[in-house]
Amino acid sequence: MNLELSDEQRLISETAREFADEEIIPRVRENDRAGRFDRELARMMGEMGYLGAPVAEEYGGWGLDYIGYGLIVEQVGRADSSARTVVSVQTSLVCGSIEQWGSEEQKREWLPRLCSGEALGCFALTEPDTGSDAANLRTRAQRTDSGWSISGNKMWISLGNVAEVALVFAQTDPELKHKGLACFLVPTASSGFTTQEIHGKLGLRSSDTAEVSLEEVEVPAEAMLGQVGDGFKVAMSALDKGRYSVAAGCVGICEGCVEASVAYAKERRQFDVPIASFQLVQAMIAEMIVKRDAARMLVLRAGDLKDRGEPSTIETSVAKLYATESAVECANAAIQVHGGSGYVDDYPVERYLRDARVTTLYEGTSQIQKLIIGRDATGINAMTPDA
Ligand code: CAA
């Protein structure tokens, strides 16, 4: 694996850094304070081509490689994890699933508008009683004369209140367990589809999060993504892409922590010298740098495998686990470097900690990533011990 970025990848990263500095960072504190989802910023990210960059050009993306996509996500994540969540959900979970599993008509109908940011999409997998055990969905899809009727509740759905289309995962036959799951492209304007905003989050305050209710939502047969029984694989393959994106965003948080801590430690004076001259402060910064670099390399490795079309589930889980845990640790250490100033939002580090915290939970908890890695290493699946 070549660790050198190409000239094009370097340019993509620099352009994304400029965009993040000029367009995202000036908005982030007010959006965070107000708990406001910034639709205008999502539109601007769409104009930049950041909401579907790996999608093929014929469907409205720019056919960007995964390493290049990860570099964009890193820069957006350094600026604002709420904005990064829009990029990750829209690009990896929604566009990525439609491109991989959709029919030609579905791709032509949805991808250009999603890639441009004209429409937003959401990924409705999780339910009030179904989180880590994603195969065990209660939402039911029942056949009708012309298609399907879907009923159930979804929870913690990023972009759920603002999306125009939802990827809804539902059980068609409970006896079949994960082999009965199906995924549907459901327009959110459908009769029986309602959402409610979730308030009071620790972080990601300017990311939209919804509780979704579906009451006998009717969709035509052509709304299904893939076939009956493909639903679980659609979800898992989407999460393979989504976890990569979350990991890349967390490299951005680690980088932001390093930059903020170095700047603050050089400016803040105690005992008549900048605190940057104290070795204990340098040690905290050094530890952040080691975590940032290691996380970045793990993300690069996962991206390189994806770009070569090789299996990358395990390497993606390794990157997600390490990068998300590192983001929490770096943000915590960055607050320590900033002292009392790190506890208020004059500096970005308290937001880094609040925003990083959810990344070890969503798109598979750290424990689920360990389970995936551990199962692969041992060849033993604790859910089916006789296997
Ligand atoms: N790609 C494609 N197929 C896959 C796959 C992958 N990465 N991983 C598993 N599969 C397939 C398996 O091959 C198997 O297929 P067969 O039936 O044909 O043999 C099938 O799926 C079942 O696999 P498992 O036996 O491994 O399934 P499991 O029930 O034991 O669970 C799990 C696996 C890893 C625990 C999984 O349920 C999981 O990842 N859980 C976490 C769910 C999660 O991440 N939720 C996040 C919600 S989304 C979110 O947060 C969105 C947001 O808004 C930000």
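Helices (H or I, at least four residues) and strands (E, at least two) are DSSP runs, numbered from the N terminus. The model described here is predicted, so local features need pLDDT of at least 70 and side-chain atom pairs count only at pLDDT 80 or more, while totals for chains, interfaces and linings use all residues. Residues are numbered from 1 along each chain as its sequence is written, and side-chain values use heavy atoms, with hydrogens and water left out.

With a relative accessible area of 0%, C257 is buried; buried means under 20% relative accessible area, exposed over 50%, and partly exposed in between (1.4 Å probe, protein chains only). From C257 to K306 there are 49 residues in sequence and 28 Å in space, C-alpha to C-alpha. Helix 8 (residues 313–338) contains 26 residues and spans 37 Å from its first C-alpha to its last, close to the 38 Å expected at 1.5 Å a residue. That expected span is 1.5 Å times one less than the number of residues in the helix. After helix 8 comes G339, with a positive phi near 60°.

Charged pairs come next. Side chains of opposite charge can pair when their charged atoms come close. A salt bridge is a side-chain nitrogen of Lys or Arg within 4 Å of a carboxyl oxygen of Asp or Glu, and the whole structure holds 27 of these salt bridges. One of them joins R43 to E47, with the closest N and O atoms 2.3 Å apart. Both residues belong to helix 2 (residues 39–47), where they are 4 residues apart, about one turn of the helix. An α-helix has 3.6 residues a turn, so residues three or four places apart point the same way. R43 is partly exposed at 31% relative accessible area, whereas E47 is exposed at 59%.

In another salt bridge, E118 meets R113 with the closest N and O atoms 3.3 Å apart. Here E118 is exposed, at 52% relative accessibility, and R113 is partly exposed, at 24%. E127 and K154 also form a salt bridge through their side chains (2.9 Å, N to O). Because E127 lies in the loop between strand 1 (121–124) and strand 2 (140–143) and K154 in strand 3 (residues 147–158), the pair ties together parts that are 27 residues apart in sequence. E127 is buried at 4% relative accessible area, and K154 is buried at 0%. Elsewhere, a network of salt bridges links R17, D21, E74, R78, E255, E259, R292, D293 and R296.

Strand 3 also contains W156, which has a positive phi of about 60° although it is not a glycine. Most residues other than glycine have a negative phi. W156 is exposed, at 53% relative accessibility. K177, in the loop between strand 4 (165–171) and strand 5 (181–187), likewise has a positive phi, near 50°. K177 is exposed, with a relative accessible area of 60%.
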